[in-house]
Amino acid sequence: MENNPHSDSLLEKFRRTMKYAAAFAVIFAAGTLSAPLGDFAWTEARERIGTFSPKALERSAGTGVALGTLGGFRTVLADIAWLRGFHFWSERDAPDCLKYCELAMTLAPEQLFFLENTANYVAFEFPVWEIRKRGGFLRVPESVQREIQKKALADALKILDDAAENNPDEPKIFVLAAQLIAIKTDRIYGAPDYAKSAEYYRRACELPGAPWFAFATYAKFVGEHVPAERASARAFLDKRLAAAKTPGQKRFFSELLEEFLVPDS
Amino acid sequence: MFFLKKIFWIARNTFTEAARQKFFSFLLLLGAGLTAVSLSLTHFDFGDSELKFIADFGFGGIFLFGSVLAVVTTVQLFFTEIENRTALTMLAKPVRRGEFLFGKFLGVWCLLGVFVVLMCGVLAAVLALRAGTLAEIAEARSLPPPFVDFVGLAIFGVLQWVRLGIVAAMTIAVSSFAQTYLYAVVVSFVALIIAQLQYVFADFASGEKVSFGVKALTGTATKLIPNLQLFNTGEALVLDPAGLSAATIMSALGYGTIWIAALVFVGMWFFRFREI
């Protein structure tokens, strides 16, 4: 009996398909079987290693992220990216400077040095470069300058807000934002936006490890400039006073309450 | 138990052959040199602790050069056997194809173990040297000494060995059906890149705005790719006093073992059908 070449090739195709399907099934089974172990380990590991957030991956230069992801030299690559960003800073090239600063922040999200300086570049340096590029402070109308400064503040705050979202336990980020708002709004409007700044100080104070000056500034801003917030601030600091462990801490909180947040008679 | 003996002999032969290669010595020297040199590069560090900067060089060196070693050595040893027809001679003896491939994998994995041990040794020496100096400075200023956990470094070494084992197993699986050396190397490196970014796919799959179809597709894809970032815990193990919980370490090791077993099995499965 003659062999049918057509049925042979069909059989061969079927065998080949089955070969790959079996391999696929084994890998899928391994993936499913190992998933509970992987998920468990990943939950703790992820918190500790500071992986890139999808947002950060979207906005950063892809090559750097890929290198950082693959190579493991994240700190080193972040430093190199920062140096490159600094080169563009010295050339007053805002877009390229920001690109590399963001890359450094993405590669080392836990490093506040990059975050603080990037936010300061965006808030204080970039608007000045922009105004100079448009003809200088004497030629650009006041209203346009104000818009540029407002946009710079919003951009810097967005950087800090994104960072806070990825590092929700870091009070220094909120302190940075609070300071930036106070200084920047003072320059734009002639007076600091105490309410907004106090709001960020409050968020910092709610986290463990908040610096003492954050409590003091919060109490002062609210006590002297934000009457609507006084009751809430008083309640918050009263709680801190009750929870204070040392006599020094107790004295600190009671002095703040007495100096800035005395109830209205 | 005779089959274990055969696997052992193939593994030993593979290990000896691989250890004699200049490529291994070159990568080892490069990685160790880079870690040692990091001591003098700390001027380029911004804001981070010096020890973190140095450790990062070591961690990066172990994974980067270890991965290159895992992929290139595995493919080279495998294809040399095929091209020189020594595989054919060996398989004509009472050696099964699965035993041959498993032996090859074990030989390469042992070599990767030696690489990791030596690299961790260099890193430990550099960290100890610098930590000693920093501790003296800290003591003079009445500050707490810097923290370095050498047991954590040993655990990190074991985790890296498992991670490189997954890379080698992935390469064995690719080589078992690849027809050319170049194809096997390129596909293995691409697989390595994808495995390093697996968590990005997983994040995407768990996103709220993603449609059901895309979610199912990416969800399935994440089951087909191991998450290699899981083993990237050097900083927590070595420089953080809190360390990493034993359950997490054991889970990561179990996860790696399952993936190694599955990938080597797939390699053995494909190798059964391969024409030599």
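# A guided tour of the two-chain model

Begin in chain A with helix 7 (residues 142–166), which holds both K158(A) and D162(A), 4 residues apart, about one turn of the helix. Display the two side chains: they meet in a salt bridge, at 3.0 Å from N to O. The model is a predicted one, with an ipTM of 0.88 and a pTM of 0.81.

**Domains of chain A**

Next, colour chain A by its domain assignment, which gives domain 1 (10–108) and domain 2 (110–265). Between these domains, 18 residues of domain 1 are in contact with 16 residues of domain 2. About 1,500 Å² is buried between the two domains of chain A, 67% of it on carbon and sulfur atoms. On the domain 1 side, select W82(A), M105(A) and A108(A), which lose the most area to domain 2 and together account for 36% of what that side buries. A search for salt bridges across this domain interface finds 0.

**Between the chains**

Now show both chains. Their contact takes 44 residues from chain A and 49 residues from chain B. Chain A and chain B bury about 4,200 Å² between them, with 72% of that area on carbon and sulfur atoms. How many salt bridges are there between chain A and chain B? The count is 0, while the structure over all chains holds 13.

**Chain B as a whole**

Chain B contains 11 helices and 0 strands. Its C-alpha trace spans about 70 × 55 × 35 Å along the principal axes. The average pLDDT of chain B is 90, and 99% of its residues score at least 70. Of the 276 residues of chain B, 51% count as buried. Among its contacts between residues at least 6 apart in sequence, 82% join residues at least 24 apart.

**The largest nonpolar core**

Select F105(B), L112(B), F115(B), L127(B), F231(B), V238(B) and I260(B): of the 86 residues in the largest nonpolar core, these touch the most other members. Helix 5 (residues 97–140) of chain B gives the most to this core, with 17 residues. Centre on L112(B); beyond its neighbours within four places in sequence, L112(B) is in contact with G66(B), L69(B), A70(B), W161(B), L164(B) and A168(B). Another core, of 63 residues, lies apart from the largest one and includes C101(A), Y121(A), A178(A) and A182(A).

Move to G58(B), placed in helix 3 (residues 50–83) of chain B. Is G58(B) buried or exposed? G58(B) counts as buried because its relative accessibility is 1%, under the 20% limit.

**Salt bridges within chain B**

Select E99(B) and K6(B), whose side chains meet in a salt bridge (3.2 Å, N to O). This pair links distant parts of the chain, E99(B) being in helix 5 and K6(B) in helix 1 (residues 2–20), 93 residues apart. Both partners are buried: E99(B) has a relative accessible area of 6% and K6(B) one of 16%.

Finish with E81(B) and K104(B), a salt bridge whose closest N and O atoms are 2.6 Å apart. Here E81(B) lies in helix 3 and K104(B) in helix 5, 23 residues apart. E81(B) counts as buried at 5% relative accessibility, as does K104(B) at 2%.

Definitions and conventions
Residues numbered from 1 in each chain as written. Chains lettered and ligands numbered in written order. Predicted model: local features only at pLDDT ≥ 70, side-chain atom pairs only at ≥ 80, totals over all residues. Heavy atoms only, no water. pLDDT = per-residue confidence, 0-100. Core = buried A, V, L, I, M, F, W, Y, C linked by side-chain atoms within 4.5 Å. Buried < 20%, exposed > 50% of the residue type's maximum accessible area, 1.4 Å probe, protein only. Helix = DSSP H or I, 4+ residues; strand = E, 2+ residues; numbered from the N terminus. Contact = heavy atoms within 4.5 Å. Domains from an automatic or database assignment. Buried area = accessible area lost by both parts, 1.4 Å probe. Salt bridge = Lys/Arg side-chain N within 4 Å of Asp/Glu carboxyl O.
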